[in-house]
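Hello,

Here is the structure we talked about, with its sequence. Please open it first and keep it beside you while you read the notes below.

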Amino acid sequence: FSQRIRTKRGFFTGVSVSLDSAVLLTSTKGYRRFLIIPFLLNILIMASFIIFAAAVIYPLAVSYLPSGDQWYLMLLRGASIVVFVLLLAGSVILLYSLVGAIVAVPFADAVISKLLAGSGGVGGGLLSALMTAVHGILMIVLFFLISLPLLLLNFIPIVGNLFYGILTFFFLTFFIGSQIYDATSGGRKGFSAKMSEYWAIKWCMCGIGFSFFLFTAIPVFGFLSPVISAAAAAQIRCRILSSEGEDAA
């Protein structure tokens with residue numbers, strides 16, 4: 001990369017491009033559907049899960065609880081209902097989050113294809129999806145291999161704990177950002193080559209990963225974070241491809 005490209009590798013570049021992507025998807029005609037459709041689908045899925053849990057699972061489970069006029073049976077029944085409702089709510093949220101993320105994947109791929117069209121990039125497809133999944137597994141394995149030695153830092157009071165938190169946060173956001181950015185590569189490179197490329201823009205990858213966590217934390221709209229982050233990754237890929245073309249010329 002040229003020196004001009006190096007100035008675009010910063011952490012705040014990844015964050016600012018993610019914010020720009022959110023604005024792009026919400027305000028630009030032709031892109032809104034990539035958020036509106038998965039949003040409506042996820043609202044429908046969430047409502048279905050809640051109705052099914054409340055109308056089917058809850059009454060069925062409560063019917064098996066002990067009943068009676070004795071105070072200890074009433075106390076046991078009340079405590080059991082509270083615990084079950086908490087577990088049921090947690091299960092619904094977890095399942096909904098998983099399904100919501102899966103629903104958003106095709107729209108994220110469509111955003112990547114649209115943004116990379118005509119810029120010399122490759123816009124997803126079955127091969128890209130498969131390679132991204134395989135590389136995602138390898139990234140998870142690599143993350144845990146790195147995290148295990150870092151645990152030793154916790155044996156150093158205060159300073160070690162601080163460094164452990166910082167380094168773990170860095171690698172976590174890097175691997176999340178790299179996994180999102182990997183979907184823009186089109187499956188043309190091996191894992192080692194890709195990791196070398198991503199490490200060269202590591203701070204930018206961290207910015208994308210950090211933004212992903214920020215968007216995920218937004219209630220109800222958090223499941224749209226894969227689409228917004230995919231748009232950010234595609235825009236950064238476009239900038240790099242465009243700048244490489246200018247340098248070659």
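**Notes on the model**

Aspartate 182 is a residue of helix H6, which covers residues 159–182. Bear in mind throughout that this is a predicted model.

Is aspartate 182 buried or exposed? Its relative accessibility is 0%, so aspartate 182 counts as buried. The side chain of this residue has two polar contacts to look up. One is with the side chain of lysine 194, at 3.1 Å. Another is with the side chain of tyrosine 198, at 2.9 Å.

**Salt bridges**

Side chains of opposite charge can pair when their charged atoms come close. How many salt bridges does the structure hold? There are 2.

One of them joins the side chains of aspartate 182 and lysine 194, with 3.1 Å from N to O. This pair connects distant parts of the chain: aspartate 182 sits in helix H6 and lysine 194 in helix H7 (residues 191–200), 12 residues apart. Both aspartate 182 and lysine 194 are buried.

Arginine 237 also forms a salt bridge, with glutamate 197 as its partner, and their closest N and O atoms are 2.9 Å apart. Because arginine 237 lies in helix H9 and glutamate 197 in helix H7, the pair ties together parts that are 40 residues apart in sequence. Arginine 237 has a relative accessibility of 8% and therefore counts as buried. Glutamate 197, at 12% relative accessibility, counts as buried too, since the cut-off is under 20%.

Glutamine 235 is another residue of helix H9, which runs over residues 225–248. With a relative accessibility of 22%, glutamine 235 counts as partly exposed. Which residues does glutamine 235 touch, not counting residues up to four places away in sequence? They are Val17, Asp20, Ser21, Leu24 and Leu115. As for leucine 115, its C-alpha atom is 6.9 Å from that of glutamine 235, although the two residues are 120 residues apart along the chain.

Helix H2 takes in residues 11–27. At 1.5 Å a residue, its 17 residues should span 24 Å; the end C-alpha atoms are 25 Å apart, which agrees. The buried residues of H2 are Thr13, Gly14, Val15, Val17, Ser18, Ser21, Ala22, Leu24 and Leu25.

Ile156, Ile158, Val159 and Phe163 make a nonpolar surface patch of about 410 Å². Where is isoleucine 156 placed? It is in the loop between helix H5 (126–150) and H6. Its relative accessibility is 43%, so isoleucine 156 counts as partly exposed.

**The protein as a whole**

The protein has 9 helices and 0 strands. Read from the N terminus on, its elements run α-α-α-α-α-α-α-α-α. Of its 249 residues, 37% are buried. The protein exposes about 13,800 Å², and carbon and sulfur atoms supply 77% of that area. Among contacts with a separation of 6 or more, 76% are between residues 24 or more positions apart.

When you go through the model, start with aspartate 182 and its partners lysine 194 and tyrosine 198. Then move to the pair of arginine 237 and glutamate 197.

Regards

How values were computed:
Residues are numbered from 1 along each chain as its sequence is written. This is a predicted model: local features need pLDDT of at least 70, side-chain atom pairs count only at pLDDT 80 or more; totals for chains, interfaces and linings use all residues. Side-chain values use heavy atoms; hydrogens and water are left out. Helices (H or I, at least four residues) and strands (E, at least two) are DSSP runs, numbered from the N terminus. Buried means under 20% relative accessible area, exposed over 50%, partly exposed in between (1.4 Å probe, protein chains only). A polar contact is a pair of N or O atoms within 3.5 Å; within protein, one must be able to donate a hydrogen and the other to accept it, and residues adjacent in sequence count only if both atoms are side-chain atoms. The expected span of a helix is 1.5 Å times one less than its number of residues. Contact means heavy atoms within 4.5 Å. Patches are made of residues with over 30% relative accessible area and no salt bridge: like charges are joined within 9 Å, nonpolar side chains (Val, Leu, Ile, Met, Phe, Trp, Tyr) within 5 Å. Accessible areas come from the Shrake-Rupley method with a 1.4 Å probe; for residues, only the protein chains shown count as cover. A salt bridge is a side-chain nitrogen of Lys or Arg within 4 Å of a carboxyl oxygen of Asp or Glu.
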